[in-house]
Amino acid sequence: GDGRLWIGSDRGEVVRAAWNGRGERDARDAPDTPRAPDAPDTPDAPVVLQPLDAAGASTRGSLAAHGVVSALHEDGQGRLWIGTRRGLGRVELTSGKVSWIGQPEGLPSTDIASIVGDADGRIWLAHNRGLTRLEPASGVMTHFGDHDGAQGNGYAEGAWAIGGAGVRGSALVYLAGEGITAFDPREVGVSRSTPRTVFTSL
């Protein structure tokens, strides 16, 4: 890939590991992000670790306040999504602005097990109440539980894959305590119509 890897810890720390050989800025970095003082100049140089710059976050909204980092996903719009056991964080990498999404914003569970982006830029969250599809541009969330084919009692942390044996390459695969959930995100439809009320007896 681009020689970047995000790493989270059980203390809410997030760092970016880079080994692009020259320590140069990536196009998605902030324009004023300086080159590391000891940036390597050879292709086989050691990895450079750079802590996530989340300046401006209050103590209550800090990464440390949300504890264990269970999942990380960088999307194509320069945002880093951070899953914890206390909510979902979104960091604008160009500014370091941090915002949090939890139950007050409509997320069914704050115990995030995994974060996966699909081919259309939507974010899929696995948690202990099923799956949630998030539209990053609008913030609209759609939830899938037992009645929708997901596993409402939760998924294992980090246990997911794109594609796999017997499924299409674009399919998302999740592991749960009671089996596996596999589906193609582009084939997931949501009916917006309101069901009719039918009386079968009085």
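Let's start at A71, which lies in strand β4, residues 69-74. Strands here are DSSP runs of E, at least two residues long, and helices are runs of H or I, at least four long; both are numbered from the N terminus. A quick word on the source: this is a predicted model, where local features need pLDDT of at least 70, side-chain atom pairs count only at pLDDT 80 or more, and totals for chains, interfaces and linings use all residues. Residues are numbered from 1 along each chain as its sequence is written, and side-chain values use heavy atoms, with hydrogens and water left out.

Back to A71. Is A71 buried or exposed? A71 is buried, with a relative accessible area of 10%. Buried means under 20% relative accessible area, exposed means over 50%, and partly exposed is in between, with a 1.4 Å probe and protein chains only. Which residues does A71 touch, beyond four places away in sequence? They are W81, I82, G83, A113, S114 and I115. Contact means heavy atoms within 4.5 Å. Take W81: 10 residues along the chain from A71, with 8.1 Å between the two C-alpha atoms.

Now the whole chain. There are 14 strands and zero helices. Of the 202 residues, 42% are buried. Look at contacts with a separation of 6 or more: 43% of them join residues 24 or more positions apart.

Next, the core. In soluble globular proteins, nonpolar side chains tend to be buried together. In this model, the largest nonpolar core has 12 residues: A113, V116, W124, A126, L131, F144, A150, Y155, L172, Y174, A176 and F183. Such a core is a set of buried Ala, Val, Leu, Ile, Met, Phe, Trp, Tyr and Cys residues joined through side-chain atoms within 4.5 Å. Strands β8, β9 and β13 (167-176) each supply at least two of its residues. The largest share, three residues, comes from β13. Setting aside residues up to four places away, A126 touches D111, I112, A113, S114, L131, Y155 and Y174.

On to the rings. Phe, Tyr and Trp rings, the six-membered one for Trp, pair if their centres lie within 6.5 Å; planes under 30 degrees apart are stacked, over 60 edge-to-face, and the rest tilted. How many aromatic pairs does that rule give? Four. Why is the pair of W124 and F144 called stacked? Because the ring centres are 5.7 Å apart and the planes sit at 25 degrees. W124 is in strand β9 (residues 123-127) and F144 in strand β11 (residues 141-144), so this pair ties together parts 20 residues apart in sequence. W124 is buried at 1% relative accessibility, and F144 is buried at 11%.

W124 also pairs with F183. That pair is tilted: 5.0 Å centre to centre, 55 degrees between the planes. F183 is in strand β14 (residues 179-183), 59 residues from W124, so distant parts of the chain are linked. F183 is buried too, like W124. At 12% relative accessibility, D118 counts as buried. The side chain of D118 makes a polar contact with the side chain of W124, at 3.0 Å. A polar contact is a pair of N or O atoms within 3.5 Å; within protein, one must be able to donate a hydrogen and the other to accept it, and residues adjacent in sequence count only if both atoms are side-chain atoms. The D118 side chain also reaches the backbone nitrogen of D120, at 2.9 Å.
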